[in-house]
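Thanks for coming. Please have a look at the model on the screen before I start.

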Amino acid sequence: MKPAAFRYHRPRSLAEALALLAEHGPQAKLIAGGQSLGPLMNMRLAQPAELVDLNSLAGLDFVNENEDAIEIGALATHHALATSPLVRKSCPLLAEAAQSIGHYAIRTRGTLGGSLAHADPAAQLPLVAATLGAEIVAAGPRGERRIPAAGFFVSLMSTVLEPDEILVSVRVPKAAPGERHAYLQFSRRRGDFAIVAVATTLLVDKKGNARNLRLGIGGAEDKPVVLTDFASGEKPDAVARKAREAVNPAETPRVPAVYRRELVEVLARRALLEAMGK
Ligand SMILES: Cc1cc2nc3c(=O)[nH]c(=O)nc-3n(C[C@H](O)[C@H](O)[C@H](O)COP(=O)(O)OP(=O)(O)OC[C@H]3O[C@@H](n4cnc5c(N)ncnc54)[C@H](O)[C@@H]3O)c2cc1C
């Protein structure tokens, strides 16, 4: 199918893009990589009258390093995240998860900002942003605001972004010295969205026990679930059981809730063992 008719805008500055959103209100829709919005428009599930293309905004595809965080522009592609030496060194979980998104052609067009704003509950980048405690920067007519990823995702494809705001960058804390990570997902075919995905970061103490454990779960609910309330040295089996109990998946025709729960437990255990090097 082809999209419904729309007017195309190509603003040259953030101020111009914000002015277009303010002018056209709910009729306007931003487009970045177009890898989610394009199919939705082709199927006429989205029919924006005004399409505001962000791709001519200079300086929104950066990857910078601060003392304790990596700052990434909204237009940085999945491929840029997966291959950036800075991201690979300081936020290796983010690089690994970005590398697992879809296929090469999608990764070279899809953007960090687009993925977070689209808020697919099975997507890699929302899961990793929530797991790592990232901070999302949005610009709007009232100025800039910083939103913790934990409070950014509201439900299926819904975030706290206002219709007149643009996600401009993301601040991802650097991995602590010695921090280990794992990202695992289960999908029907390579390149498909995950049915369930799990991301974890942890430290391993001298006795080989996990501490400072963070466990993120994607695909099980309508937004990422992040668990951090674990005792030092908690064993992978116990963590995996807690993860299973923490999620409340919906019954869907193709994937029963009990199956998703089982996947959460199995993937959580495997991710912990992998991160701990066992
Ligand atoms: C075949 C296929 C397989 C895929 N597999 C996966 C997968 O396995 N995992 C995965 O995570 N994704 C997958 N994707 C989706 C892909 O990652 C998209 O790139 C991503 O979801 C959206 O990024 P985008 O830049 O393409 O956004 P767009 O499609 O351009 O926009 C998506 C939404 O975000 C909004 N938006 C975009 N940028 C901004 C911004 N800066 N501020 C505010 N709102 C904004 C748009 O208005 C729109 O509502 C797949 C896509 C395809 C076509």
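First, the ground rules. This is a predicted model, in which local features need pLDDT of at least 70 and side-chain atom pairs count only at pLDDT 80 or more, while totals for chains, interfaces and linings use all residues. Residues are numbered from 1 along each chain as its sequence is written, and side-chain values use heavy atoms, with hydrogens and water left out.

Now the layout. The chain is assigned domain 1 (7-56), domain 2 (63-173) and domain 3 (180-277); such bounds come from an automatic or database domain assignment. Taken over C-alpha atoms, the centres of domain 1 and domain 3 are 35 Å apart. There is also a pair of single residues to look at. Alanine 257 and proline 26 are 231 residues apart along the chain, and 35 Å separate their C-alpha atoms. Alanine 257 sits in helix α10. Helices here are DSSP runs of H or I with at least four residues, strands are runs of E with at least two, and both are numbered from the N terminus. Alanine 257 has a relative accessible area of 9%, so it is buried. Buried means under 20% relative accessible area, exposed means over 50%, and partly exposed is in between, with a 1.4 Å probe and protein chains only.

Next, the ligand. Which residues come nearest to the ligand? Of the 29 residues around it, they are Leu30, Ser36, Leu37, Thr111 and Gln124. A residue counts as near if one of its heavy atoms lies within 4 Å. By class, this shell has 14 nonpolar, 13 polar and two charged residues. In that scheme Ala, Val, Leu, Ile, Met, Phe, Trp, Tyr, Cys and Pro are nonpolar, Asp, Glu, Lys and Arg are charged, and the others, Gly among them, are polar. Elements that each give at least two residues to the shell are β2 (28-31), α7 (112-118) and β10 (166-173). The largest share, four residues, comes from α7.

Then the polar contacts. These are pairs of N or O atoms within 3.5 Å; within protein, one must be able to donate a hydrogen and the other to accept it, and residues adjacent in sequence count only if both atoms are side-chain atoms. A ligand oxygen is 2.8 Å from a polar backbone atom of glycine 34, and a ligand oxygen is 3.2 Å from a polar backbone atom of glycine 102. A ligand nitrogen is 2.7 Å from an N or O atom in the side chain of glutamine 124. On its own the ligand has 970 Å² of accessible area, and the protein covers 88% of that. The areas come from the Shrake-Rupley method with a 1.4 Å probe, and for residues only the protein chains shown count as cover.

Gln124 brings us to helix α8, residues 124-131. Eight of the eight residues in α8 are buried, including Gln124 and Thr131. Threonine 131 has a relative accessible area of 0%, and its side chain reaches the backbone oxygen of leucine 127 at 2.7 Å. Just after α8, glycine 133 has a positive phi of about 70°.

How many aromatic pairs does the structure hold? Two. Rings of Phe, Tyr and Trp (its six-membered ring) pair if their centres lie within 6.5 Å; planes under 30 degrees apart are stacked, over 60 edge-to-face, and the rest tilted. Phenylalanine 186 is partly exposed at 33%, and tyrosine 259 is partly exposed at 37%.

Last, the backbone angles. Most residues other than glycine have a negative phi. Arginine 44 has a positive phi of about 60° and is in the loop between α2 (37-42) and β3 (50-53). Methionine 157 has a positive phi near 50° and is in the loop between β8 (153-155) and β9 (158-159).
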